[in-house]
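This report describes selected features of one protein model, taken strand by strand and residue by residue. Please consult the sequence and the structure shown below while reading.

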Amino acid sequence: MTVDDATGVLDLSPSDMSRSDISRPDTSRPGGRKVPPFPVFDAPGTAEQVSDVSSVHREVTYARAIGFRPLKMDIWLPRKAFGTTPMVLWVHGGAFQLGDRRELPPTFAPDSVFRLLNEAGIACATADYRHSLEAPFPAQLHDLKAAVRYLREFAGDLSIDPDRFGAWGESAGGHLVALLGLTGKREDLEGGLGAQGHPSSVSAVVDFYGVSSLVDIPPIVTPDGLFPPSLTAAVPPGMSLQPEQMLVGGSDDPKLLAAASPVSYVSADAAPFFLVHGDSDGLVPHSQTQLLAAALAGAGVEHDVMTITGGDHCFFGAEDQLDTILATAVDYFSRKLGTP
């Protein structure tokens, strides 16, 4: 990438452009001044070695859309893998309102999910997605489908196997990975962002205490003063702070809530599921996992349920079980996706 000294115009080499724009002809303004193309995503760039286990491509733009911030992901690759590796997309929680790709639940050690997957010979991408006030559902699902397509676009560069993809999420992220596992063949939910020409389906899902039916989730009772005004200043006056209503544009319409619910999309061709939920969850009741498990069973979809005794949301109250919980989830992906 260079700047023309005479014109001050940026000159992009092919490595600076998205793969979809490499063959795009130059355009020009009056006077013949070249202008750069507008790539819809960037190549992964150079990985940073962060440990003996992992190297990381950071701040990778996997999709751009006019009027929105660039959507970013980090890609954690196992350094000791031989041949192509499976890939798991990690999706963060935050009630569809907060959080980012680098954050894990407060009970988890920093980077633990990414490191454990890499130790098992599995690559991991952790992706941002638009929050509910940035765009209503299905924008969040569109973003993550674009992330999956991006990873398949660059599978060869990253030495990952495009046929062995899984998705793992917690809380709001659990809801979204469930949708990824249930809508792989729904063209109407693909969205038009980012890389095209690849499937957005996944072959295995691990859902940690995700919402499965927005219609049936009880209201969250928040103590007065829990959210300071500086945190809620961007919320339109009169809009409910209930996460499920914010996700669908501030509505309590049961049809809109159902359209954003994983249980509405269960079919026989869904991916296998591993559902993990605490029996003392005060934010997302364990009954939400029971609803999804029953729907999966009714459709004949392979699934397993692990109930964490004494576990609240984020597995608070069950921290002594956390190592086993995470190891079991990683083992699930190893068995379903295979490792070199």
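## The sheet

Strand β7 (residues 71-78) pairs with β9 in the antiparallel sense, over four bridges. Within this pairing, W76 stands opposite C124 of β9. Helices (H or I, at least four residues) and strands (E, at least two) are DSSP runs, numbered from the N terminus, and two strands pair if DSSP finds at least two bridges between them.

The model is predicted: local features need pLDDT of at least 70, side-chain atom pairs count only at pLDDT 80 or more, and totals for chains, interfaces and linings use all residues. Residues are numbered from 1 along each chain as its sequence is written, and side-chain values use heavy atoms, with hydrogens and water left out.

Strands β7 and β9 belong to an open sheet of nine strands with mixed pairing, in the order β5-β6-β7-β9-β8-β10-β11-β12-β13. Its edge strands are β5 (48-49) and β13, each of which pairs on one side only.

Strand β12 (residues 273-278) is largely enclosed by the rest of the structure, because six of its six residues are buried. Here buried means under 20% relative accessible area, exposed means over 50%, and partly exposed lies in between (1.4 Å probe, protein chains only). Both faces of β12 are covered, with F273, L275 and H277 buried on one side and F274, V276 and G278 buried on the other.

On the β11 side, four bridges join strand β11 (residues 204-208) to β12 in a parallel arrangement, and D207 has L275 of β12 as its bridge partner. Strand β13 (residues 303-308) also pairs with β12 in the parallel sense, over six bridges; there, G278 stands opposite I308. Together, β12, helix α8 (residues 287-298) and β13 make a right-handed β-α-β unit. A crossover is right-handed if, with the strands pointing away from the viewer, the path from the first strand over the helix to the second runs clockwise.

## Helix α9

Helix α9 (residues 322-337) has 16 residues and reaches 23 Å from its first C-alpha to its last, close to the 22 Å expected at 1.5 Å a residue; the expected span is 1.5 Å times one less than the number of residues. The buried residues of α9 are L322, I325, L326, A329, V330, Y332, F333 and L337. Seen down the axis, these buried residues fall within an arc of 145 degrees, so they line one face of the helix. The arc is that of the directions from the helix axis to the C-beta atoms.

The cover over the buried residues of α9 includes β8 (85-91), α1, β10 (160-170), β11, β12 and β13. On the other side of the helix, D323 and R335 are exposed. G338 follows α9 and has a positive phi, near 75 degrees.

## Two loop residues

A120 lies in the loop between α1 (112-119) and β9 (123-127). With a relative accessible area of 25%, A120 is partly exposed. Leaving aside residues up to four places away in sequence, A120 touches V330, S334 and T339, where contact means heavy atoms within 4.5 Å.

S212 is placed in the loop between β11 and α5 (229-232) and is buried, with a relative accessible area of 1%. The side chain of S212 reaches the backbone oxygen of Q288 at 2.5 Å. Beyond four places in sequence, S212 touches S261, P262, V263, Q288, L291 and L292.

Key:
Polar contact = N/O pair within 3.5 Å; in protein donor to acceptor, adjacent residues only side chain to side chain.
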